[in-house]
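Q: Can we go through this model together? I'd like the overall picture and then some local detail.

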Amino acid sequence: WRRFVWISPAYRMGIELIEKHDIDLVYSSSSPPASAIIASRLKKKCKVKWVAEFRDAWSLNPYNTRSKLGHYLECKYEKKILSNAEALVTVSQPIAKELTDMHNKPCHVIFNAYDKQDYNSTEKIRRDKFTIVHTGSIYPGKRDPGALFQALSELMEVEPSIADFVEVNLYGNRQERLLSPVVQKLGVEGMVNFKGGVSKTESILAQQKATLLLLLTWNSKIAEGTLTGKLFEYIASTRPILALSYPGVIKEVLEKDNLGIVTNDSEEIKKFLQAAIASWKSGDMTLGGYNQKLDSREKYSWNHQVAKLNAIFETK
């Protein structure tokens, strides 16, 4: 709602652009919901077709807290605004089902994806260390690597020498302050390196050099339909993925194409790491064949997703 002041000028500009370029279809992307409100008005005013995309849900967004009355009124307003859209688009099947049920109209799934141009590097995978890499923000209790640290601590009790060849590299801001207490408590500070914030290019290179990529999302039912953009970067990097995540659509994607595993249990993580380290020691950098099929990666590129979107436009 803080972007409501943008609606009137954007609406006027939209009319100008539609008339100037003879546009016959408008594609809005939300959030913010203001994008859909503007598109709805343009649809009525200019008699164009409209496809509404929701990268984040509107009234159905579980991360937005509101009163029961507020939620009821917001749902009612959303239904009114979207009543004249030809079709809806969102990022995962669970969210698509919710939107279809709510609005009684088709909702297509277009994933977040990766840009193939970002992955032209011939960077070699590090072989001197078993390197676990995470890039991005960390939120204790939500995006939290604690279960990994617990597993590493337990592995050290059995095989102290892993501290000599296993390292966890965390790229992102303010992580040392957030995580140092638990790292020190579990005695794994010798394996954990806080790398700080880096550019996107450096982040991608770090992913490509890693032995194993660590993906963190909120371990909660409300995150069932969440497919973070980071997942697709990791897929493009061709490295195996260990996801500490709620076992929703992320689990489906990773396990369907053998891209990695999803678990939040430190004992399961420990067993996975033991097998992965054994594969690494034998020279198998796929850690058992993870994330190796080109066609499995290709379908998560923007090239493929945009082709799907174009097909939707052509039917409207």
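What follows is a short exchange about this predicted model.

Q: What should I know about the numbering and the cut-offs?
A: Residues are numbered from 1 along each chain as its sequence is written, and side-chain values use heavy atoms, with hydrogens and water left out. This is a predicted model, where local features need pLDDT of at least 70 and side-chain atom pairs count only at pLDDT 80 or more, while totals for chains, interfaces and linings use all residues.

Q: How many helices and strands does the protein have?
A: The secondary structure comes to 12 helices and 10 strands. Helices (H or I, at least four residues) and strands (E, at least two) are DSSP runs, numbered from the N terminus.

Q: And what does the C-alpha trace span along its principal axes?
A: About 70 × 45 × 30 Å.

Q: What percentage of the residues is buried?
A: Of the 316 residues, 49% are buried. Buried means under 20% relative accessible area, exposed over 50%, and partly exposed in between (1.4 Å probe, protein chains only).

Q: On to the strands. Which way do E2 and E3 run, parallel or antiparallel?
A: Strand E2 (residues 49-54) and E3 run parallel, joined by 4 bridges. Two strands pair if DSSP finds at least two bridges between them. Phe 54 stands opposite Thr 90 in E3. Between the two strands the chain passes through helix H3 (residues 68-82), and this β-α-β crossover is right-handed. Right-handed means that, with the strands pointing away from the viewer, the path from the first strand over the helix to the second runs clockwise.

Q: Where do the side chains of E3 point?
A: In strand E3 (residues 87-90), Ala 87 and Val 89 point one way, Leu 88 and Thr 90 point the other way, and all are buried.

Q: What about E3 and E4?
A: E3 pairs with strand E4 (residues 107-109) in the parallel sense, over 3 bridges. Cys 107 in E4 is the bridge partner of Leu 88. The chain gets from E3 to E4 through helix H4 (residues 93-103), in a β-α-β crossover that is right-handed.

Q: Which elements make a β-α-β unit with E6?
A: E6, helix H6 (residues 175-186) and E7 make a right-handed one. Strand E6 (residues 166-171) runs parallel to strand E7 (residues 192-196), with 4 bridges between them. Tyr 171 stands opposite Gly 196 in E7.

Q: What is the lining of the largest pocket, by class?
A: It has 18 nonpolar, 8 polar and 11 charged residues. Ala, Val, Leu, Ile, Met, Phe, Trp, Tyr, Cys and Pro count as nonpolar, Asp, Glu, Lys and Arg as charged, and the others, Gly among them, as polar. The largest share of this lining, 3 residues, comes from H4.

Q: And the second largest pocket?
A: About 380 Å³ of space lies there. It is lined by 18 residues, and the closest to its centre are Tyr 119, Ala 236, Ser 237, Thr 238 and Arg 297. Helix H11 (residues 294-298) gives the largest share of the lining, 3 residues.

Q: Is Lys 47 buried or exposed?
A: Lys 47 is exposed, because its relative accessible area is 71%. Lys 47 also has a positive phi of about 60°, although it is not a glycine.

Methods. 1 Å grid on protein atoms, 1.4 Å probe; cavity = no way out; pocket = protein on both sides within 12 Å on 5 of 7 lines; lining within 4 Å. Points joined across faces, edges and corners; volume = space filled by probe spheres on them.
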